[in-house]
Amino acid sequence: MDELILSSQEIFAITHYKLPKKQLEALRSLGIPAQLRKIDNTVCVLRAYVKNPAAVSPTAAPGPKRKSARQ
C-alpha cells in the first residue's frame, strides 16, 4: 500500500526546490494543496491530491461567512 503523504524526494521532484517556502509557492501555483508542518518545518502533501486531483476537492468545507455577507 502506498503512503498517504508524499516523501520529501517526491516533493522535490515536483517543485525542484529544497526550501519549504519555495516548495509551498510552487505547489500552490500548480493547484496542489499543501501545508507546512510546524514541528519540523517540512511540507506535507497528501498523495491523493497528486494522483487524482479531480476526485479530491480541497475547497469542500467553506469557511464561515461574515455577518455582513449573510443577507
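How are α1 and α2 oriented to each other? The close-ups below, taken from a predicted model, begin with that pair.

**View 1. Helices α1 and α2 cross at an angle.** Helix α1 covers residues 8-15. Helix α2 covers residues 20-29. Their axes come within 10 Å. The crossing angle is roughly 60 degrees. Angles of 65 to 115 degrees would count as roughly perpendicular, and those under 35 as roughly parallel. α1 and α2 are therefore oblique to each other. Their crossing is left-handed.

**View 2. The whole protein shows three helices and two strands.** Start at the N terminus and follow the chain. The elements run α-α-β-β-α. The protein has 71 residues, and buried ones make up 21% of them.

**View 3. Arg 47 and Glu 10 form a salt bridge.** How many salt bridges does a search of the whole structure find? The search finds one. The side chains of Arg 47 and Glu 10 meet in a salt bridge, at 3.1 Å from N to O. Arg 47 lies in helix α3 and Glu 10 in helix α1, so the pair ties together parts that are 37 residues apart in sequence. Side chains of opposite charge can pair when their charged atoms come close. Now look at the cover around each partner. Arg 47 counts as buried because its relative accessibility is 15%, under the 20% cut-off. Glu 10 has a relative accessible area of 29%, so this residue is partly exposed.

**View 4. Leu 4, Ile 5 and Leu 46 make a nonpolar surface patch.** The patch has an area of about 260 Å². Where is Leu 46 found? Leu 46 is in the loop between β2 and α3. Strand β2 spans 43-44, and helix α3 spans 47-51. Leu 46 is partly exposed, because its relative accessible area is 38%.

**View 5. His 16 has a positive phi.** Most residues other than glycine have a negative phi. Phi of His 16 is near 65 degrees. His 16 is found in the loop between α1 and α2. Is His 16 buried or exposed? His 16 counts as exposed, because its relative accessibility is 61%.

**View 6. Asn 41 has a positive phi.** Phi of Asn 41 is near 55 degrees. Asn 41, too, is a residue other than glycine. Look for Asn 41 in the loop between β1 and β2. Strand β1 spans 35-36. Asn 41 counts as partly exposed, because its relative accessibility is 44%.

**View 7. Pro 20 and Leu 36 are 16 residues apart along the chain.** Find Pro 20 in helix α2. The C-alpha atoms of Pro 20 and Leu 36 are separated by 7.5 Å. Pro 20 counts as buried, because its relative accessibility is 19%. The cut-off for buried is under 20%.

**View 8. Val 50 and Ile 32 are 18 residues apart along the chain.** Which helix holds Val 50? Val 50 is in helix α3. The C-alpha atoms of Val 50 and Ile 32 are separated by 7.2 Å. With a relative accessible area of 33%, Val 50 is partly exposed.

Methods: Residues numbered from 1 in each chain as written. Predicted model: local features only at pLDDT ≥ 70, side-chain atom pairs only at ≥ 80, totals over all residues. Heavy atoms only, no water. Patch = residues over 30% accessible without salt bridge, like charges linked within 9 Å, V, L, I, M, F, W, Y side chains within 5 Å. Areas by Shrake-Rupley, 256 points an atom, 1.4 Å probe, with all protein chains shown as cover. Salt bridge = Lys/Arg side-chain N within 4 Å of Asp/Glu carboxyl O. Helix = DSSP H or I, 4+ residues; strand = E, 2+ residues; numbered from the N terminus. Buried < 20%, exposed > 50% of the residue type's maximum accessible area, 1.4 Å probe, protein only. Axes fitted to C-alpha atoms, helices over the stretch in contact; angles between N-to-C directions. Parallel < 35°, antiparallel > 145°, perpendicular 65-115°, else oblique. Left-handed = near helix turned anticlockwise from the far one by under 90°.
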